[in-house]
Amino acid sequence: MKFTSLLAVAAASIVALSGCAVDHSGQDAQKPTIRLAYQSFPSGDLIVKNNKWLEEALPDYNIKWTKFDSGADVNTAFIAKEIDFGAIGSSPVARGLSAPLNIPYKVAFVLDVAGDNEALVARDGAGINTIADLKGKRVATPFASTAHYSLLAALAQNGLSAADVQLIDLQPQAILAAWDRGDIAAAYTWLPTLDQLRKTGKDLITSRQLATDGKPTLDLGVVSDEFADAHPDVVDVWRRQEARALNVISDDPAAAAKAIAAEIGLTPEDVVGQLKQGVYLTPQEVSSQQWLGSDGKPGNIAANLESASQFLADQKQIPAAAPLSTFQDAVYTKGLPDVLTKQ
């Protein structure tokens with residue numbers, strides 16, 4: 001696909017948004033609406049949603065949550081101006097901030113750092129014991145996601161390119177169906193689908209291992225420039241609720257698991273195990289220089305995104321990497337660290 005066609009494809013894909021799950025409950029036509037994109041991976045975002053903290057904190061607004069299957073779909077929704085906030089992986093954010101998409105949004109929160117909750121898994125009986133064994137095999141992952149980025153990094157580490165395997169673009173639930181049919185030999189995806197694959201497969205590498213090797217991936221909270229400029233007070237409220245959720249994950253994992261389980265259809269016991277596989281920062285860490293940084297001083301998240309952009313360019317996934325300044329400008333540091341640490 002030519003890079004110049006990416007925007008056209010995104011525009012043509014807008015119709016697919018109608019198939020996403022939308023929560024219209026409690027809508028008041030007299031109130032403005034805040035539109036949030038969420039995904040079903042375990043995170044504080046689901047705790048905020050399940051407990052209706054935004055509804056409580058922002059009574060003068062309608063709160064509309066829409067479920068998306070991947071970061072690529074979230075990017076498409078931002079391009080269409082269909083959402084104001086979104087939960088999205090760092091690789092699609094790096095892609096979104098780079099040409100040709102150049103999506104006008106800001107990174108305003110770190111939901112989690114990928115650990116063992118994202119992994120490359122080989123199906124039992126496929127004859128695959130190492131990443132090198134994937135040569136010529138069918139490997140599925142959601143394209144333009146953090147898992148796609150990590151898969152390409154894992155292949156490169158082992159002397160393989162994307163052309164050396166048969167890459168299949170599938171969303172997590174479609175991966176599970178293809179796995180059960182025996183249509184694919186391996187997949188790189190995330191929880192909760194990942195744990196389903198592990199029942200009849202084995203990890204070849206996890207995102208925690210790749211992070212140790214210098215290729216970390218994150219789940220981020222982003223907000224459109226237009227919304228942040230018009231409603232900085234709402235952005236502050238949203239960040240405080242996300243920080244509150246991180247505290248619950250740390251201080252009361254049982255309560256965190258119960259809320260998340262209600263959103264993704266698993267038992268709280270299963271979710272407790274899944275939360276242990278991810279890396280959840282404290283609010284203080286989120287606003288440290290290692291991550292978002294402080295007011296007017298973007299943190300190391302900008303360099304992380306620049307590195308992801310450069311990797312995507314090297315892999316011919318985007319035409320060229322964006323400069324560091326692009327990512328520094330896209331980190332929303334207004335009010336940090338006070339907004340996150342003073343509840």
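A pocket, as the term is used here, is an open set of grid points, on a 1 Å grid over the protein atoms alone, with protein on both sides within 12 Å along at least five of seven lines; its lining residues have an atom within 4 Å of a point. The structure described below is a predicted model.

**The second largest pocket**

The second largest pocket has 15 lining residues, and those nearest its centre are S40, K67, D69, Q173 and T193. Its volume is about 240 Å³. Six residues of this lining are nonpolar, six are polar and three are charged. Among the elements of secondary structure, α7 (172-181) and α12 (253-264) each contribute at least two residues to the lining.

**Overall form of the chain**

The chain contains 17 helices and 13 strands. Its radius of gyration is 19 Å, close to the 20 Å that the globule rule gives for 343 residues, so the chain is as compact as a globular protein of that length. The C-alpha trace spans about 55 × 45 × 40 Å along the principal axes.

An open sheet is built from five strands in the order β8-β7-β9-β6-β10, with mixed pairing. At its edges stand β8 (166-169) and β10 (201-206), each of which pairs on one side only. From one strand to the next, the twist averages 25 degrees. In general, the strands of a sheet pair through backbone hydrogen bonds, in either a parallel or an antiparallel sense. Strand β7 (residues 138-141) pairs with strand β9 (residues 186-190) in the parallel sense, over two bridges. Within this part of the sheet, A140 stands opposite A187 in β9.

Two helices that pack on the sheet may be described in turn. Helix α6 (residues 146-157) touches β6 (118-123), β7, β8, β9 and β10, and its direction makes about 135 degrees with that of β9. Helix α7 also packs on the sheet, where it touches β6, β7, β9 and β10; the direction of α7 makes about 150 degrees with that of β9. Helix α7 is also one of the elements that supply at least two residues to the lining of the second largest pocket.

How many cavities of 30 Å³ or more does a search of the whole structure find? The search finds two. The table sets out their volumes and the classes of their lining residues.

| Cavity | Volume | Classes of lining residues |
|---|---|---|
| Largest cavity | about 120 Å³ | six nonpolar, six polar, three charged |
| Second largest cavity | about 50 Å³ | eight nonpolar, two polar, one charged |

The largest cavity is lined by 15 residues, and F41, E118, T146, W190 and D219 are the closest to its centre.

The lining of the second largest cavity consists of L36, A37, D45, W65, F85, G86, A87, L111, L220, G221 and W238. Two or more residues of this lining come from each of β2 (33-38), β4 (85-89) and β11 (218-224). Strand β4 provides the largest share, namely three residues.

**Local backbone geometry**

Where in the chain are the peptide bonds from L191 to P192 and from L336 to P337 placed? The bond that joins L191 and P192 is cis, with omega of about 5 degrees, and P192 lies in the loop between β9 and α8 (193-198). The bond from L336 to P337 is likewise cis, and its omega is near 5 degrees. P337 belongs to the loop between α16 (324-329) and α17 (338-341).

A further backbone feature concerns K52. This residue, which is not a glycine, has a positive phi, near 55 degrees. K52 is located in the loop between α2 (44-51) and α3 (53-57).

Terms used:
Residues numbered from 1 in each chain as written. Predicted model: local features only at pLDDT ≥ 70, side-chain atom pairs only at ≥ 80, totals over all residues. Heavy atoms only, no water. 1 Å grid on protein atoms, 1.4 Å probe; cavity = no way out; pocket = protein on both sides within 12 Å on 5 of 7 lines; lining within 4 Å. Points joined across faces, edges and corners; volume = space filled by probe spheres on them. Helix = DSSP H or I, 4+ residues; strand = E, 2+ residues; numbered from the N terminus. Nonpolar A, V, L, I, M, F, W, Y, C, P; charged D, E, K, R; others polar. Pairing = 2+ DSSP bridges. Axes fitted to C-alpha atoms, helices over the stretch in contact; angles between N-to-C directions. Contact = heavy atoms within 4.5 Å. Rg over C-alpha atoms; globule rule 2.2 N^0.38 Å.
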